[in-house]
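Work through the exercises below with the model open. Each task is followed by its solution.

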Amino acid sequence: MNKDIKQIGMSDDELMKKWLSAFGKNVDKGLMEEHVTSYGNLLWHLFTWGEVACLQGEEARKAFDDLQYEEAIRFYDGYASHIEKVSAIGKVSAKAVDKDRGSDVYIVAKDFSWTYVRTHEIGICGPYFCQRV
């Protein structure tokens, strides 16, 4: 099940801001601007530079696979505060996300209670799983 962004009910910019607010609300504004949202940075730097508590690697994969949900939002890239190819998706496994050919893959709960990010630097950085506190 894939739905386009119009069916999700928010623009790319609104989605990105909501994601950053949900998972980076306690990150210092200066650090956020310097290492996450400025040109040349990636949204997932929130978990490396922003010191946001999250699971990484196999622990992240397991937590993501253990989730019970019917629908989530997927988007790609998050490069220089830009996201692409936003869609609603059904339940997907970490293994399937690992095989996705998108550069950086972000999966987020419809209520923004959790997110899973598979980076283009798989094996070096991530994947990351974060639950909103």
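**Exercise 1.** Over which residues does pLDDT stay under 50, and how many contacts beyond four places in sequence does the model have for them?

*Solution.* This is a predicted model: local features need pLDDT of at least 70, side-chain atom pairs count only at pLDDT 80 or more, and totals for chains, interfaces and linings use all residues. Residues are numbered from 1 along each chain as its sequence is written, and side-chain values use heavy atoms, with hydrogens and water left out. pLDDT is the predictor's confidence in each residue, from 0 to 100. It stays under 50 over residues 1–6. The model has 17 contacts (heavy atoms within 4.5 Å) beyond four places in sequence for this stretch. Now take the chain: its mean pLDDT is 89, and 95% of its residues reach 70 or more.

**Exercise 2.** Find the residues that touch the most other members of the largest nonpolar core.

*Solution.* A nonpolar core is a set of buried (under 20% relative accessible area, 1.4 Å probe, protein chains only) Ala, Val, Leu, Ile, Met, Phe, Trp, Tyr and Cys residues joined through side-chain atoms within 4.5 Å. The largest has 29 residues; Trp19, Leu43 and Phe75 touch the most other members. Helix 2 gives the largest share, 6 residues. Helices are DSSP runs of H or I, at least four residues, numbered from the N terminus. Next, check Leu43. Beyond four places in sequence, its contacts include Met16, Trp19, Phe75 and Tyr106. Apart from this core lies another, of 17 residues, among them Ala63 and Tyr116.

Definitions and conventions: Buried < 20%, exposed > 50% of the residue type's maximum accessible area, 1.4 Å probe, protein only. Helix = DSSP H or I, 4+ residues; strand = E, 2+ residues; numbered from the N terminus.
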